[in-house]
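Work through the exercises below with the sequence and the structure open. Try each task before reading its solution.

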Amino acid sequence: MSTGVTISSISDYAILGCGSVGYAVAEELVEQGKDVVIIDRDESRVESLRDQDLDARTADIREPEAADLVAERDVVLILASDVEANKAAVEHIRARNDESQFLVARASDPVSGDELSELGADIVINPSSVIAESALRALESGELEYNAGKLGRLVEETDSRMAILTQDSPDPDSIASAAALQAIADHLEVEADIVYLGDVGHQENRAFVNLLGIDLVQWDEIDDPGVYDTVALVDHATSSEMNLEVDIIIDHHEAEETYDPEFVDIRPNMSSTSTIMTKYIQEFDMNVSEEVATALLYGIRAETLDFKRDTTPADLTAAAYLYPFANHDTLEQVESPSMSPETLDVLAEAITNRDVQGSHLVSNAGFVRDREALTQAAGHLLDLEGVTTTAVFGIADETIFLAGRSKDIRINIGKVLDDAYGEMGETAGHSTQASAEIPLGIFTGIEISEGTRDTLLQLTEEAVKRTLFDAMGVDGSEGSNGN
């Protein structure tokens, strides 16, 4: 019976101690055409193995003679249930051939594993740990199969139309995850719309949506919300003014609001919701389109900073699955969009006005028209030498908008902004990226006019920077522009 594991080009193997574990390994190796010799001290077992056309010989693996019998083998697997016998075998082999053979040895616990490694085993395995890991993988696979069945039944119960709600002003992970759920709904012959609030303002996000042809519906353009009898929140960080009963939540962050949906799949141990949705695409055994595969791959890459931040094995396996289906020319276009004049102006202003305290940078971009430009400026400033945390703020529509980014593992920028402004405005985000909106009047009480613009900027800058540096845990009294 094949395990699905492909062994390397090495052809000469020896197995010392052939109980149930050794026999299973021997059977697999022989099935793959390898030359295997088996050494065991139980004569009746050796005879039984020979009856099955296996090359088996009788010897005590605790004795030096056993090492002589396997001296010409490239790989030796020492798999007896008697750990003391395994230690003796490793010791004799290493004493005889001076590290020339690759040794795999069976342990019974971490202590015996360390002892086998010290004696010269290249790899130590513990069957109990292997079984536990296999059981956990089986459990994960079973839970995914169960959840996919439940999700599928709930989607199929849709009578008219399904609404898939992204986060407000959605990012690539949210858009891609929604597109994947829409594809699943289409696979189940259910019509679904991707619905959002706010703006798709960031250049990369606009390029992402346009190049992939993802159809998004602005909430304000919906005449009759009652048409949606199934509602799903996908990578949806906050609630909004959409007064709809939620049926489905899929996210890699805990929901900030209290819901009572029929289906919930929240996995904080995964770096992106796109990773979760890729698993569902696979579980439904559906053909993933180039557009959806490209979107999901970009969603994973965006959330993990191209696999440099908080990347899990699940993210990597999902990306590996999506890679051959994705359009990599489109990905390159999405990742290198042209910068608008507004963004360039905001970035220039933010660079000029930067205040650096240690590795923390805060900057005032002044009055802005495109608040998404603040997010891009915060991202670009994070590339400055020695800077690990940035916050860029500006004024628009009598509101202070602030975008924060961090690559410092000691700082949760979402919590920093919430601590600083949570009681006076609205904040959202997580450990590496966050935003805040604060009514301007809280800081100044001054009405905006041409004559008060400079005063507003000065008062706002002082108040916002002082509050933010305090929340970051730095003095902020002696600023610099990073020179």
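**Exercise 1: the sheet**

Strand β7 (residues 161–165) and strand β8 (residues 192–196) run parallel and are joined by four bridges. Strands here are DSSP runs (E, at least two residues) and helices are H or I runs of at least four, numbered from the N terminus; two strands pair if DSSP finds at least two bridges between them. The model is predicted, so local features need pLDDT of at least 70 and side-chain atom pairs pLDDT 80 or more, while totals for chains, interfaces and linings use all residues. Residues are numbered from 1 along each chain as its sequence is written, and side-chain values use heavy atoms, without hydrogens and water.

Task: find the residue opposite Ala163, then give the strand order of the sheet.

Solution.
1. Ala163 faces Asp193 in β8.
2. The open sheet has six strands, ordered β9-β8-β7-β10-β11-β12, with parallel pairing.
3. β9 (216–218) and β12 (263–266) are at the edges with a single partner strand each, so one side of each lacks a neighbour in the sheet.

**Exercise 2: two helices**

Task: describe how α7 (residues 172–187) and α9 (residues 273–283) cross.

Solution.
1. Their axes, lines fitted to C-alpha atoms over the stretch in contact, come within 8 Å and cross at roughly 15°.
2. α7 and α9 are therefore roughly parallel, the term for angles under 35 degrees.
3. In contact (heavy atoms within 4.5 Å), residues of α7 including Asp173 and Leu181 meet residues of α9, among them Met277 and Tyr280.

Methods: Axes are lines fitted to C-alpha atoms, for helices over the stretch in contact, and angles run from 0 to 180 degrees between N-to-C directions. Angles under 35 degrees count as roughly parallel, over 145 as roughly antiparallel, 65 to 115 as roughly perpendicular and the rest as oblique.
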